[in-house]
Amino acid sequence: MACEWDIRWEATSPMHEAAKNDTLSSGFAVRYEQAGQYWGTLCFGDEVIALDGYGYRDHSVGPRDYSKFSGHAWTWGAFPSGKMFGSLSLFEPGKSGFAAPWVTIDGELHEAELVSGPHWDGTMDDYTEKTFDVVLRVNGVEHTIHGEHM
């Protein structure tokens, strides 16, 4: 079956440099993340599906060795107000892990601190838990986002 897509992307958040100078033990030399809006069409044979929503893109440079990680959580969201957030958290056994959270408010990017968030890995059996909270601290103020694992 023929597949064809025509998708446009527009950034709705400034680029966030999530890691640099080998700060990720996965070996990434640099990692960028950005939220945005996409629209276009996806075609399967004669079926045309319209696309219009929010998305997320990232770009990493360097090797990707995930063998040392016990799990990860990659959370992000976009709200009708234009506020957006994102955080990639990587967990290593015996270590506190790595998180690179950010928040965009009124088009301005803010570094954030991950206070708490989901943590799913092979040592846990909570995959059936569908709801979670992400708590981010921005400029000394904590923000709680309630989420649902779908």
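**Sheet 10-12-13**

I began with the open sheet of 3 strands, in a model that is predicted. I read its strand order as 10-12-13, with antiparallel pairing. Strand 10 (113–116) and strand 13 (141–148) each have a single partner strand, so one side of each is left without a neighbour in the sheet. I noted that neighbouring strands here are turned by 30 degrees against each other on average, direction ignored.

I then looked at how strand 10 is joined to strand 12 (residues 131–138), and found 3 bridges, with the two strands running antiparallel. Which residue of strand 12 is the bridge partner of Leu-114? I found Leu-136 there.

**Strands 8 and 9**

I went next to strand 8 (residues 102–105) and strand 9 (residues 108–111), which pair in the antiparallel sense over 4 bridges. I traced Trp-102 to its bridge partner in strand 9, Glu-111. The hairpin has 2 residues between the strands, and I logged a positive phi near 55 degrees for Asp-106.

**His-16**

Glu-111 came up again when I looked up His-16, as a polar contact of 3.4 Å joins their side chains. I placed His-16 in strand 2 (residues 16–20). Is His-16 buried or exposed? I found a relative accessible area of 1%, so His-16 is buried.

I listed the contacts of His-16, leaving aside its neighbours within four places in sequence. They are Arg-31, Tyr-32, Glu-33, Ala-100, Pro-101, Trp-102, Leu-109 and Glu-111.

**Cysteines**

How many disulfides does a search of the whole structure find? I got 0. For Cys-3 I found the nearest cysteine sulfur, that of Cys-43, 8.1 Å away, whereas a disulfide needs the sulfur atoms within 2.5 Å. From the other end, Cys-43 is likewise in no disulfide, and its nearest cysteine sulfur is that of Cys-3.

I also checked the accessibility of each cysteine. Cys-3 has 43% relative accessibility and therefore counts as partly exposed. Cys-43, at 15%, counts as buried because the cut-off for buried is under 20%.

**Confidence**

The chain has a mean of 81, and 82% of its residues reach 70 or more. Where in the chain is confidence lowest, and where is it highest? I found the lowest in strand 11 (residues 120–121), at a mean of 64, and the highest in strand 1 (residues 3–11), at 93.

How values were computed:
Residues are numbered from 1 along each chain as its sequence is written. This is a predicted model: local features need pLDDT of at least 70, side-chain atom pairs count only at pLDDT 80 or more; totals for chains, interfaces and linings use all residues. Side-chain values use heavy atoms; hydrogens and water are left out. Buried means under 20% relative accessible area, exposed over 50%, partly exposed in between (1.4 Å probe, protein chains only). A polar contact is a pair of N or O atoms within 3.5 Å; within protein, one must be able to donate a hydrogen and the other to accept it, and residues adjacent in sequence count only if both atoms are side-chain atoms. Contact means heavy atoms within 4.5 Å. Two strands pair if DSSP finds at least two bridges between them. pLDDT is the predictor's confidence in each residue, from 0 to 100. Axes are lines fitted to C-alpha atoms, for helices over the stretch in contact, and angles run from 0 to 180 degrees between N-to-C directions.
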